[in-house]
Amino acid sequence: MSEPKPNLVGGDWVAGDAAPNINPSDTTDIVGLYARASAAQTRMAIDAAKAAFPAWSRSTPLERHAVLRAASDEILARKEELGQLLSREEGKTLAEGIGETVRAAQIFDFFAGEALRLTGEVLPSIRPGVGVEITREPMGVVGIITPWNFPIAIPAWKLAPALCYGNTVVFKPADLVPGCAWALVDILRRAGLPDGVLNLVMGRGSVVGQTIVDNPDVAALTFTGSVPTGAALAAKSAQLMRKVQLEMGGKNPFVVLADADLDVAVDCVINGAFFSTGQRCTASSRIIVEEAIEGAFLDKMTERMAGLRVGNALEPETQIGPVVDESQLSQNEKYIEIGQDEGARLVAGGERVSRDTEGYFQMPALFADCNNQMRIAREEIFGPVAAVIAVKDYDEALSVANDTEFGLSAGIATTSLKHATHFKRNAEAGMVMVNLPTAGVDFHVPFGGRKASSHGPREQGRYAAEFFTTVKTAYTMA
């Protein structure tokens, strides 16, 4: 086995206690060994980022553009290699892994362009002879904490704007998926980032993450993960008067109206609920169907589900890879038991399955006879489990869709322009999809939700500037 991959602190690769990165498709396959940073190393990384900030924040747009563009080019050139690494460590199918890698390259390319499009405003004052300039400036040291389910795309859509706008970074990836994070940081370092601008501290959230959160020199903190952790980070950040951006859970509805094209509706639900093993905050976990077509919809769903191929993420015929680890698989199974105990009917799937390799394989699960008060309809499972809720009409469908503490994504299948238009306006979600899966977004437009799903400014596209910069107004007497 190769030597452990170290952390990056102030331009130096720093060793630490190593932990194995295990392939969920084949638990005998060790993807690699990755160092876990200590609290002291994490504090050193924050100090290094703080020291590097003055020079990097005043670097030219062309310097930042060159780094981000070089990173984009290398990611794209290595998409098969990096996509395979992603699939090995997280469990997405190879097609999904390569697709996510391409998305990361596109994000860096977009923000390379944004570095050259930095703008401000010059306005006349209400006072004669006075000029007003409005500019955006970087925040300072940005703490970035990312989840395991999108191990290269989510780091990309946080790192790229942070660096584009002149911030320095302390980056902690999820402990389950250090491989893509390490590769991404190595690419950025070789793309020309000065020492200390980007620091990688892998390891446990209780050690590394907590040290980042507790440090007052971290001017802004962006986090994607669970609601309880996000709430704790927000509380601590409020004490420090720190800017914070949180992307958390979802219990996303997908409405199927009686006038819908059922083939389109089923395609959307299969993709949104089960692809990426349901391990997406935008996954469709509540399927709200008009009673008039519930039977036909369930028949088509079970027919399609019977043909889904669950298996090793690297095998080309696989459509759904493994669950990320034993803990997540056990949680999925617990919720399937809960659903049955609550009176829901398990229409299809849910069982563990064996394959040629030892892995965390589970058939997607579909429940019927559900109501919106059941735990399987209210709590985020984060697995390939969907609950079908029958409703009388569109009005009830909209009411049920909005009856949740979350508000990330919502979808509808309909051929009615009236209902599509009304749903887009009245669905209480940050993102709304019409005849499209609830999961799947573009990189150049805002990403985020409402209620318990998100807190703070939006991610991605030009809206990223709202978090990664602060506004300055300057007056000059002529």
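Analyst: Leu198 is buried, at 4% relative accessible area, where buried means under 20%, exposed over 50% and partly exposed in between, using a 1.4 Å probe and protein chains only. This is a predicted model, in which local features need pLDDT of at least 70 and side-chain atom pairs count only at pLDDT 80 or more, while totals for chains, interfaces and linings use all residues. Residues are numbered from 1 along each chain as its sequence is written, and side-chain values use heavy atoms, with hydrogens and water left out.

Leu198 sits in strand S9 (residues 198-200); strands are DSSP runs of E with at least two residues, helices are runs of H or I with at least four, and both are numbered from the N terminus. Along the chain Leu198 and Val169 are 29 residues apart, yet their C-alpha atoms are separated by 4.8 Å. If neighbours within four places in sequence are set aside, Leu198 is in contact with Leu8, Leu159, Val169, Phe171, Val185, Leu188 and Leu193, contact meaning heavy atoms within 4.5 Å.

One of those partners, Val185, leads us to helix H6 (residues 178-190), which packs with helix H3 (residues 79-90) at an angle of about 150°, their axes 8 Å apart. Here axes are lines fitted to C-alpha atoms, for helices over the stretch in contact, and angles run from 0 to 180 degrees between N-to-C directions. H3 and H6 are therefore roughly antiparallel to each other, a label for angles over 145 degrees, with under 35 being roughly parallel, 65 to 115 roughly perpendicular and the rest oblique. From H3, the contact draws on Leu82, Leu85, Leu86 and Glu89, and from H6 on Pro178, Gly179, Cys180, Ala183 and Ile187. By class, that makes seven nonpolar, one polar and one charged residues; Ala, Val, Leu, Ile, Met, Phe, Trp, Tyr, Cys and Pro count as nonpolar, Asp, Glu, Lys and Arg as charged, and the others, Gly among them, as polar.

Glu74 and Ile187 are 113 residues apart in sequence, but 7.2 Å apart in space from C-alpha to C-alpha. Beyond its neighbours within four places, Glu74 is in contact with Ile187 and Arg190.

H2 (residues 61-77) has a helix partner of its own: its axis and that of helix H4 (residues 94-115) come within 8 Å and cross at roughly 165°. That makes H2 roughly antiparallel to H4. H2 passes H4 in a left-handed crossing, the term for a near helix turned anticlockwise from the far one by less than a right angle, with clockwise being right-handed.

Finally, a word on cysteines. A disulfide is a pair of cysteine sulfur atoms within 2.5 Å, and by this rule the count is zero. Cys281 is in no disulfide; the nearest cysteine sulfur, that of Cys180, is 17 Å away. Cys281 counts as buried at 14% relative accessibility, and Cys164 is buried too, with a relative accessible area of 0%.
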